[in-house]
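User: I would like to learn how to read sheets, domains and pockets in a model of this kind. Could we take them in turn?

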Amino acid sequence: MRVPYSWLKEYLQTELSLAELCHLLTMGGLEVEGFEEWTAQDGGATEQILMTSVTPNRGDLLSIIGVARHAGALSGDGHSQPASSFPEVDEALIDANKATAGPVTVEIVDPIGCPRYSALLIEGIDVGPSPDWLRYRLEAAGIRSINNVVDCTNYVVWELGQPMHAFDFRLIKDGHIIVRRAEPGEKLLLLDDTWQMLGPEDVVIADPMGAVALAGIMGGADTQMREVTTTVLLESAHFDPVAIRRTSLRLGGTQASYRFERHVDPNLTLPALARAAQLILETAGGAITQRALDVKTADFAPQAIEMRPQRCNAILGTDLDAATMAAYLRRLGCQVEEGEPLAVCVPTFRPDIEREIDLVEEVAIVHGYENISPTVPGHLVASGRLTEVQRLRRRAGELLRECGLHENLSFSMTCAAELDRCCFPSDATSRSLVLLSNPISTELSAMRRALLPALLEAAARNARQRVADVALYEIGTVFHPQKIVGQASRLSTTPPGETPVVPNGDEAPLGEGPDLPHEQQRVAAIMMGSPLVGHWNLPDEQAGVDFYYLKGIVEQMCTGLGLTRVSFVRYEHSMFHPGKCAEVTLGERSLGVMGEIAPEVGEAYDLPGPAYAFELSLDMLLEQATLQRAYRPLRRYPAAERDLAVIVPDSDDFSAVRLAAEIAQAGGQFLESVTPFDVYADAEQFGAEHKSIAFRLIFRAEDRTLTDDELDGAMAEVHRHLEERVGTEVRK
Amino acid sequence: MDDKLEQLRQQAVETFQAAADEEQLEQARIEYLGRHGQLREIMKDLGSVSPELRPALGKLANQVSREVEQAFAQRQEQIAAQVASQEAEAIDVTLPGRAPRVGKQHPLLATLEEMIEIFLGLGFTVVEGPDVENYYYSFEALNYPELHPAMDEQMTFYISDNALLRSQTSPVQIRVMEQQQPPVRIVAPGRCFRRDTVDATHCHTFYQLEGLLVDEGVTFADLKGTLEVFAREMFGPQCHMRFRPDFFPFTEPSAEIALTCIICGGEGCRVCGNTGWLEVGGSGMVDPNVLAGVGYDTETYTGYAFGVGVERLAMLRHGIDDIRLFYTGDMRFLQQF
Ligand SMILES: [Zn+2]
């Protein structure tokens, strides 16, 4: 809010400099975000403006008086009020639902939406331009000058915080103001020349003909003040914050609704009428001919709350005495009866103070947060540590970084078009997305279903910057409309070995609820170009990443997480090259997919060369992962090596992993490992669509060096098994 | 004398052959063939030998001298050839080195991890909640009154009336307290979302670290003390936290937390808007309504909570001037940390 300094000083007498005042307010809960040196458009006035930022609980600070009151309370200087008083206002006609004074009748039909409506008639006014001082004040505050009467009401809004409205009284049918809910389908032309369709959630000011104003938001066009108006009816009412907010959320807010939503003092209606009347009589002439009307459906008495000084100190960690606390609260306008506890009467401009804890906060604010000495809590005796899953997740990231991949972050929000671009599988399950109902843009209108599309985009972005070598991984959450598989909860405070204490023995699963989408943690990576720095003298086929390089990284990560049952099976996936794609499985479960990105996808992203990628379920990986390692004694006796090569058809039935398993099965008790080390095809030598795979077998005994005879025997057994049982030719 | 000569010959030949380079060979030459070398010295002794033995010994001495000189020349040639051949293998040592790339942690998550380490050291444990939250945990359980303008500040993304992207990590407080009796001491890191337009300092996606401590006798002074420790550990002993009144529905009293500007050390600069302070988050004493809502006895237990933004701290630590860099995936950016 714009607070002109000279206006503020009318009600605040203080020795503080402007800078000191701003610091006091900022540290006292009303942030002064800055100053403006303001000059009127016609150059006729200058002013210093404080730009304040008001928290949504403090509607009382949305006025000049409110700021003066708070500054006076914080500094102890106090503040003053505008001196405007009229007997017709002081002795307003009070009634609980309907009151009449002369030609004016006010009736409240909806006491929920409008608990209080005060009104005052002024006759014989002369509507015209405002005097300079009024115009400048409003311009400095950021309000457009309209005419002297409307300007006076706006002046009061800014000064006291009470929104007001001025009706051309002659246009109110029968002089009868009715505050009610709008009829379904009722229409109203507002001051800003827009037609609004209203309904029963909107509170309106009406006459017997129909709505004339949208309560707490904007007046109607038909009854507005004009040049020719001679009789004005001033409205000063109290509206329900929730009712006003419901309407303003739908139709848009105004200065008035902004204040009503944040609560206006219900006892401000009459002082505001008096102040407005004073200003109007000064600037537009006229006379008050009738008593004001004050229809109020409640008595709006100050709230009484008790506060235990001991409790206050226990919460703040202070050692203040009760008299000091009482003095602080009095400075804020409370009436305090000392005793144990303190009996506090809270002024009606502070509806946010409802409970003991709210008073504690006020004591802290007046005392000054900076005057509370910090202590380090003595409760922090237990050692904090990460849970097993959290440590495993960190380790997974570390392993990938150790393999040379940089950690990447991408947005959780994406769109369906991104899935088309990367040829994401088109089945209904793959394409069902969690959609936002109020996205910023269509590009960010759905929650991501996978991590790879964003990694592809990151690779493309690097390529556009001529960065050809890309190695990125991301660990992140993906979202599915429904739960698909069982998942470990990420929300566990329980260190290993402890059981959580569950209140009421109610073991509700944490992390998600019935209406929430399923969230899964994934790990994904993309590689392109070379994994080496400085590969200037290596041929591309040696320097570049390929399928096996990335597979090696997946294996390193899995091994590092203590997973031994990971395997790779030929797989078809629309995002990947049909011949270079594998499903990664852990035992019986599918973790995800890896391979070379399909050429058409690479083209869609303008990638300069082949890219390799994987995306796996981290949740599933971590379910079985472990950081525990048991030491295996080092073997004392040397190993013996034997190589063998088999000629097999180029088919998945004779994959390296299957042949190695067959060899291991036949190799006997001393066979320690079987590793393929050479693969090549030669149509002349082996026949078309055949290839040779060479394996190195390592044999070792625990207690001695193996003899040649023993090794030859084992190898013979392997040969026999391969030729007779597996049906392959062993090269001699 | 014969023996002496023979011994000398053997020694000299062996020494020459053992010489590894030109320098050692030259030293050996001086030792045996120099003007005061052993060969000259032994020649001098020839004068004292009886005349009848002299011719034979002279002949032998000459022969030894020739052989020694030959051995020297031969070794000299060998060494020269070796030097030439190694020179031919010489490489340009100034060309770039070659090694596997070292992967780097994302600066945002590295900062978050360091923050977490500090709180782990203070006895907090780490919990995480879902990115998509329901209305109850996001607002109702956090004491947001129905239709309160405080919700405007959250600029929430909605999926349905009841499902939304969390705009702060605070819902985790409720999820944890529902499951556990005091003492509770947790930090909850996580991704949050607000409908903010993206520019150099704003983004619709950001990270927060939430903290919650509930126990008997927890005070506002404890909150200040804990966050002071955090500020010191994170940015050094000259760094302090400033607390000033603010409003959050789920804390009372509430405080905005600001850090001594680490750019200017509190003197005031462009980054901190000349205030000397950088706003980093919100905090306060957990509102009794929140504690009562999860079934805690509010007379026995009090607690504090705080939420600290991660982006700003990471940007300050590294001098990063554009928040959008965090999400580009640019290798040139990521490899710098
Ligand atoms: Zn600074």
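This is a predicted model: local features need pLDDT of at least 70, side-chain atom pairs count only at pLDDT 80 or more; totals for chains, interfaces and linings use all residues.

User: Which domains does the assignment give for chain A?

Analyst: Domain bounds come from an automatic or database assignment. For chain A that assignment gives domain 1 (2-75), domain 2 (87-296), domain 3 (303-371), domain 4 (390-624) and domain 5 (640-730). Between the C-alpha centres of domain 1 and domain 5 of chain A there are 87 Å.

User: What does the assignment give for chain B?

Analyst: Chain B has domain 1 (2-89) and domain 2 (107-334) in the assignment. The C-alpha centres of these domains of chain B are 86 Å apart.

User: How do strands of a sheet pair?

Analyst: Pairing is through backbone hydrogen bonds, and it is either parallel or antiparallel. One case in chain A is an open sheet of six strands with mixed pairing, in the order β5-β6-β9-β12-β13-β14. At its edges stand β5 (98-101) and β14 (218-219) of chain A; each has a single partner strand, so one side of each has no neighbour in the sheet. Within this sheet, β9 (176-181) and β12 (203-207) of chain A are antiparallel and share four bridges. Ile178(A) has Ala206(A) in β12(A) as its bridge partner.

User: What is the strand order in the open sheet of four strands?

Analyst: The order is β32-β33-β31-β34 in chain A, and the pairing is antiparallel. The edge strands, β32 (671-680) and β34 (729-730) of chain A, each pair on one side only. Eight bridges connect β32(A) with β33 (690-699) of chain A, and Ser673(A) is opposite Ile698(A) in β33(A).

User: Which helix lies across β31, β33 and β34 of chain A?

Analyst: That is α23 (708-726) of chain A, which runs at about 10 degrees to β31(A) (640-649).

User: How is the second largest pocket lined?

Analyst: A pocket can be described by its volume and its lining. Here the space is about 1300 Å³, lined by 34 residues, and nearest the centre lie Tyr548(A), Lys551(A), Phe568(A), Ala656(A) and Val657(A). By class, the lining has 17 nonpolar, eight polar and nine charged residues.

User: Where in chain A do the lining residues come from?

Analyst: Elements that each supply at least two residues include α21 (656-666), β27 (566-570) and β28 (576-586) of chain A, along with β32 and β33. The most come from α18(A), with seven residues. Domain 4 and domain 5 of chain A each give at least three residues to this lining.

Notes. Residues are numbered from 1 along each chain as its sequence is written. Chains are lettered from A and ligands numbered from 1 in the order in which they are written. Side-chain values use heavy atoms; hydrogens and water are left out. Two strands pair if DSSP finds at least two bridges between them. Contact means heavy atoms within 4.5 Å. Axes are lines fitted to C-alpha atoms, for helices over the stretch in contact, and angles run from 0 to 180 degrees between N-to-C directions. On a 1 Å grid over the protein atoms alone, a cavity is a set of points where a 1.4 Å probe fits but cannot get out, and a pocket is an open set with protein on both sides within 12 Å along at least five of seven lines; lining residues have an atom within 4 Å of a point. Grid points are joined across faces, edges and corners, and a volume is the space filled by probe spheres set on the points. Ala, Val, Leu, Ile, Met, Phe, Trp, Tyr, Cys and Pro count as nonpolar, Asp, Glu, Lys and Arg as charged, and the others, Gly among them, as polar.
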